[in-house]
Each structure stands twice: as structure tokens, then as C-alpha cells.
Amino acid sequence: MSLTLDDVRRIARLARLDVSAAEAEKTRDQLNGILSFIEQLQSVDTTGIEPMAHAVDVVQRLRPDAVAEADRRDAFQAVAPETEAGLYLVPKVIE
Amino acid sequence: MSDLINASLKELSAALAQKRVSAVELATLFLDRIEQLNAALNAFVTVDREKTLAMARAADASGKVGASDTPLAGIPLAHKDIFCTEGWRTTCGSKMLANFVSPYDATVVERFKAAGMVTLGKLNMDEFAMGSSNETSFFGPVKNPWDTTRVPGGSSGGSAAAVAARLAPAATGTDTGGSIRQPAALCGLSGLKPTYGVVSRYGMIAFASSLDQGGPMAKSAEDCALLLNAMAGFDSRDSTSLERPAEDYARDLDKPLDGLRIGLPREFFGAGMDADVRAAVEAALAEYRKLGATTVEVSLPNSGLSVAAYYVIAPAEASSNLSRFDGVRYGYRAPDYADLNDMYAKSRAQGFGEEVKRRILIGTYVLSHGYYDAYYLQAQKVRRLIADDFAAAFRQCDVIMGPTAPSVAFRFGEKGADPVQMYLSDIYTIAVNLAGLPGMSIPCGFGAADMPVGLQIVGPWFAEAKMLNVAHRYQQATDWHAQMPAGL
């Protein structure tokens with residue numbers, strides 16, 4: 001199957017990526033090229049094969065629920081586009 | 001002094017220990033070369049002479065130089081700009097992070113600091129490590145020092161070019177689908193991607209978390225072994241870091257290769273490889289037979305599916321990892337927007353380059369409702385088949401060999417129009433990442449236009465010491481790894 005312009009706009013919205021009308025067609029064609037390349041996976045018989053999520057079998061490690069890191073809020077917020085009184089500023093969400 | 005640009009890490013370590021050179025003098029030697037040559041190569045994106053010299057002075061005063069547990073102390077090292085370095089700009093090759101000064105060190109950076117190594121600067125790369133030619137960097141492509149009209153490979157192209165041009169004695173790289181091995185091959189270096197989980201991913205900006213692995217890039221296998229000794233180790237801050245006893249990766253370097261069984265996958269010696277690459281690889285295999293090894297044909301029947309499986313799994317993981325770049329906590333924020341969602345969408349559209357956006361969109365699609373099973377789950381099942389092929393092959397051989405890349409370094413723009421053509425540059429390396437195996441590339445001759453050719457060595461899980469032994473013995477018998485581009 002191949003993607004339509006509407007599909008491209010829907011995926012872009014899910015990905016929070018602005019795709020201009022001018023870019024949409026080129027994007028659609030390139031994505032369709034990649035999708036037709038990965039289509040070959042569909043013909044492989046994988047009945048009974050366990051999906052491999054990770055290269056090495058590991059179990060999630062647990063640690064005691066204790067503070068392990070020092071408070072470095074100022075250093076981490078120094079690289080933010082906009083902060084005030086220790087808070088990250090974004091455009092108003094609730095009217 | 002200038003002969004030190006070609007010295008091995010062991011030789012540099014000895015020169016420092018015997019006080020024939022200081023860490024400051026060594027750092028100055030390489031900083032001067034960077035100043036002189038980087039404009040033509042674009043290998044470094046950030047150089048900070050004062051910071052580097054301060055580290056070198058500290059190394060000279062530390063007592064670590066010449067100490068047996070810190071053999072690398074005082075030696076300069078440059079980092080791929082994917083590793084967060086405290087107080088240094090860390091861009092990941094992207095406009096998104098063009099002004100990001102990291103507030104912390106990656107574990108890899110921290111470990112090399114503890115070893116007393118001196119940071120020379122930050123190296124250019126494909127944006128977010130997505131590329132095989134360095135053409136996707138926001139800071140412009142890196143040039144191959146062997147021929148500046150050609151690509152250095154990618155994504156660790158800056159690392160490869162810097163070491164090949166002797167702007168740094170060694171560099172760090174990362175490898176998600178071949179990003180250490182392919183540029184090492186194209187620039188005539190030795191590079192090692194360790195077994196997944198051996199090197200900490202903490203502070204290494206994530207691309208595809210189940211595949212990403214850091215490793216060393218240097219002039220020889222011996223150098224790689226010494227670097228890996230400092231680089232590897234368990235890290236509680238990386239949830240997939242492996243708790244294993246510490247290893248000396250240099251312990252077996254000199255072991256003879258008598259009786260070594262080299263597996264040659266028939267799928268790696270098919271039609272896809274250029275004749276010049278084939279000739280160099282065949283000559284290397286002949287050399288190995290002289291060194292006492294035998295070769296056996298093996299088969300990796302599903303390896304032909306690896307690029308397709310990778311281009312489902314890697315974009316899926318990337319689309320999830322790169323959702324953190326939202327213009328709120330760090331990175332680029334668009335100047336004008338209507339509301340919060342518009343700010344996200346515009347910041348990401350303006351901050352990411354074309355290839356990154358393509359992969360985010362592909363990843364978003366294959367993970368989206370109704371397509372997950374058909375694409376992502378199926379790719380993970382194929383991944384299992386690919387890994388099982390390797391496990392079966394390693395019952396017949398100790399290491400696997402083949403080409404690292406299907407051709408020598410190509411020219412800029414040569415694979416520009418169709419993304420899939422570029423993806424196929426990694427046809428021999430990607431399966432190794434999917435299986436989580438250790439893989440290496442070492443120089444094994446020259447092909448078309450006198451460009452370097454790489455031999456790929458793949459080992460079973462955790463066989464790094466064995467692979468380094470196999471590579472080192474070859475480098476004792478040949479001098480391909482000691483060649484350096486002319487005119488530098």
C-alpha cells in the first residue's frame with residue numbers, strides 16, 4: 001500500500017512535525033520509496049518466532065527508592081529556551 | 001616532536017612517562033594541526049584551546065601520567081559530538097542542539113577523564129547519527145582526508161577524518177547500523193563496535209536505543225584495545241548496561257592465530273560488492289591463511305533482510321527518542337507560533353533536517369495504530385531470525401569476515417536523490433547491530449582511486465579480546481593501518 005497526502009499530514013501531526021504543502025508531495029514520495037523497500041519483510045514466514053526487542057536478554061534492574069542525584073535544577077534550566085522561578089514557560093494551554 | 005602525530009597510544013604513553021613530552025606539548029601539537037587543517041576537512045565542530053590546555057595542565061600535574069593503572073593519561077582524545085561533555089557545546093550535528101552546552105558528562109566522557117585523557121574537541125557527524133556520508137550534518141559535510149571530493153562515511157565521519165588526518169591520536173564513535181565501522185573503512189582506520197551493553201549509553205544522545213553502542217576509532221587494533229579498557233564497564237545509569245567482570249581487552253593481542261577458523265558468509269561475497277573491494281578482502285584472507293587460519297563457508301540466510309528490518313526498528317525507536325526535542329526544556333524553539341502544539345510542530349520542523357524528519361515520520365507510521373503488528377513486530381521477528389543465523393554460524397567458526405562496505409568512499413552527492421540507495425551503504429554492517437554482536441573494521445588495502453578498503457571482523461557476543469587479537473596479528477604482518485593520506 002502507499003501513502004496519500006492525507007496520510008502524510010496525519011503522520012506529521014502525530015509526530016508534531018510541521019510539513020508545508022510544498023514539502024508534502026516530496027515527503028510522500030520518499031516515504032513511499034522507503035515503505036516499498038521495507039515491504040519485503042511481509043513475505044517472511046515468522047510463525048512461532050518470538051519478537052526480539054533487545055540484543056541481549058536483560059531484566060529491568062531495580063534500585064532502592066532513595067535520592068541518588070544532587071539537585072542541579074539551575075544548571076539544567078540554564079539550557080532551556082524560557083524559564084521563570086524554576087518553571088519552564090510554554091504558550092498558554094488552558095484559557 | 002612532529003613524528004608523534006603517527007605514534008601509537010602505547011608510544012605516546014611511553015613518551016609522556018619518560019617526560020620526553022608533556023601533556024600540554026602534546027595537546028598543543030594536535031591543536032595546532034587542527035587550526036591548520038580543519039578548515040579543509042570540517043572534522044571538528046567545536047575546538048576550545050583554553051579548555052583543552054587546562055585539562056592538559058591538570059593531567060601533567062595529576063600524577064596519573066606514567067602510572068600503571070592510567071596508561072592513557074595525558075593523551076589527547078576527541079569526542080563525537082553525540083557524547084555530552086560538561087561545559088562544551090554538544091550539537092549531535094543538528095540545528096536543534098546548535099547552542100546546547102551540556103550541563104553534564106556522558107559516562108564515556110567521564111571515564112576517559114578519569115583515565116586522565118585530554119579532550120581535544122567535538123567531532124562533526126551526520127545529524128543525530130542518521131546518515132552514512134556525513135552529508136546530513138547541519139554544520140556541513142566532513143571531507144575524506146584521502147580525497148576531499150569524497151565522503152568520509154558516517155555517521156562518525158568527523159571521528160574518522162580527524163584520526164586519519166592525524167588531527168587527533170584517537171576518537172570516540174557510535175555505531176547504530178555501521179556508524180563506526182563504515183567510516184573507519186572509508187578513511188583507513190581501525191574501529192570497534194563492542195557487544196551491545198558493554199559501553200554505557202548514558203549521556204550518548206539516543207538514536208535507536210536497542211542498537212546504539214559507543215566504541216573507539218583509532219590507527220590500530222592495539223590502540224582500540226587500550227581505549228576500550230577505559231571505555232567499557234557497568235553503569236547503573238544505563239538500564240541496558242551489562243554487569244560483567246572487568247576485562248583487559250589487550251590481554252590476547254599477541255596470541256598466535258594457528259587454528260583460527262574464519263567463517264565467510266556466502267551472502268557477504270555475492271554480487272553487491274565492488275571488484276576492488278573484493279580483491280582487497282580476498283588478499284587479506286590469504287594473509288590470514290599464511291598466519292595459520294583456515295576459512296570455512298558459512299551462511300546467514302536472513303541477512304539480506306537486515307537493512308529492511310533496520311529501517312523499521314531504528315526509525316521506530318528514533319521517533320520515540322526524538323520526541324524529547326520539543327522546544328521546552330532544551331534545544332531550538334521556533335521564534336513564532338500560535339499555540340503549544342504549533343510551537344512543538346514548528347520548533348521540530350525548523351530544528352531537524354530532512355533525513356531526521358523522514359525517519360521520524362517513518363517511525364511514527366510503523367508504530368501507529370493498525371500498523372504496529374505488520375511492521376514493527378514483524379521486523380522484531382526477522383531480527384530474531386538474523387541473530388539466530390549468527391549463533392548457528394559461530395558453531396562452525398571463531399570469527400566471521402567480509403567487507404565492511406560494498407565500495408570505497410563515494411563522491412559527495414552521489415547517493416543524494418534516493419534515501420534507500422544511501423541506506424544500502426550499510427548492507428554488511430547492519431545485521432551485526434540487530435544481533436547485538438561486536439564488529440570491527442580494519443584497513444586491508446586500497447581500491448579504486450587509491451581509496452582505503454576495510455575488512456570487517458565480527459565475533460560472537462563478548463569476543464572483543466579475540467577480535468582485537470585477530471586484528472592485531474594482521475597489523476603486525478601488514479602495514480595498511482600505518483598508511484596516512486598524502487599532503488597532510
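Helices (H or I, at least four residues) and strands (E, at least two) are DSSP runs numbered from the N terminus, and a residue is termed buried if 20 or more other C-beta atoms lie within 10 Å of its own, exposed if 12 or fewer, and partly exposed in between, with C-beta atoms placed from the backbone. The model is a predicted one, in which local features need pLDDT of at least 70 and side-chain atom pairs count only at pLDDT 80 or more, whereas totals for chains, interfaces and linings use all residues. Residues are numbered from 1 along each chain as its sequence is written, while chains are lettered from A and ligands numbered from 1 in the order in which they are written.

Within H1(B), which spans residues 9-17, the buried positions are B:Leu9, B:Leu12, B:Ser13, B:Ala15 and B:Leu16. Viewed along the axis of H1(B), these buried residues fall within an arc of 165 degrees and so line one face of the helix, the arc being that of the directions from the helix axis to the C-beta atoms. An α-helix has 3.6 residues a turn, so residues three or four places apart point the same way. B:Lys19, which follows H1(B), has a positive phi near 60 degrees.

For the predicted complex as a whole, the predictor gives an ipTM of 0.96 and a pTM of 0.97. Chain B has a mean pLDDT of 97, and 100% of its residues reach 70 or more, where pLDDT is the predictor's confidence in each residue on a scale from 0 to 100.

The contact between the chains takes 41 residues from chain A and 53 residues from chain B, two residues being in contact if their C-beta atoms, placed from the backbone, lie within 7 Å. On the side of chain A that touches chain B, the elements that give two or more residues are helix H1 (5-14), helix H2 (21-38) and helix H3 (73-77) of chain A, and H2(A) gives the most, with seven residues. By class, this side of chain A has 28 nonpolar, eight polar and five charged residues; Ala, Val, Leu, Ile, Met, Phe, Trp, Tyr, Cys and Pro count as nonpolar, Asp, Glu, Lys and Arg as charged, and the others, Gly among them, as polar.

H2(A) has 18 residues and reaches 26 Å from its first C-alpha to its last, close to the 26 Å expected at 1.5 Å a residue, the expected span being 1.5 Å times one less than the number of residues. Its buried residues are A:Thr27, A:Arg28, A:Gln30, A:Leu31, A:Ile34 and A:Ile38, and what covers them includes H1 of chain A together with helix H9 (306-321), helix H11 (354-367) and helix H13 (419-423) of chain B. In the loop between H1 and H2 of chain A lies A:Arg16, a residue other than glycine with a positive phi near 55 degrees; A:Arg16 is buried, with 21 other C-beta atoms within 10 Å. By contrast, A:Ile94, in the segment after strand E2 (87-88) of chain A, counts as exposed, with 3 C-beta neighbours inside 10 Å.

In chain B, seven of the seven residues of strand E11 (residues 452-458) are buried, so E11(B) is largely enclosed by the rest of the structure. Both of its faces are covered, with B:Pro452, B:Gly454, B:Gln456 and B:Val458 on one side and B:Val453, B:Leu455 and B:Ile457 on the other. Strands are taken to pair if DSSP finds at least two bridges between them. Strand E9 (residues 399-403) of chain B pairs with E11(B) in the antiparallel sense over four bridges, B:Ile400 having B:Val458 as its bridge partner. E10(B) and E11(B) also run antiparallel, joined by six bridges, with B:Ser441 opposite B:Gln456.

E10(B) and E11(B) form a hairpin with five residues between them, and B:Ala449 in the turn has a positive phi of about 55 degrees. B:Asp450, in the loop between E10 and E11 of chain B, likewise has a positive phi, near 55 degrees, and counts as exposed with 12 C-beta neighbours inside 10 Å. Strand E5 (residues 190-193) of chain B pairs antiparallel with strand E10 (residues 439-446) over three bridges, B:Lys193 standing opposite B:Gly439, and antiparallel with strand E6 (residues 213-218) over two bridges, B:Gly191 standing opposite B:Met217.
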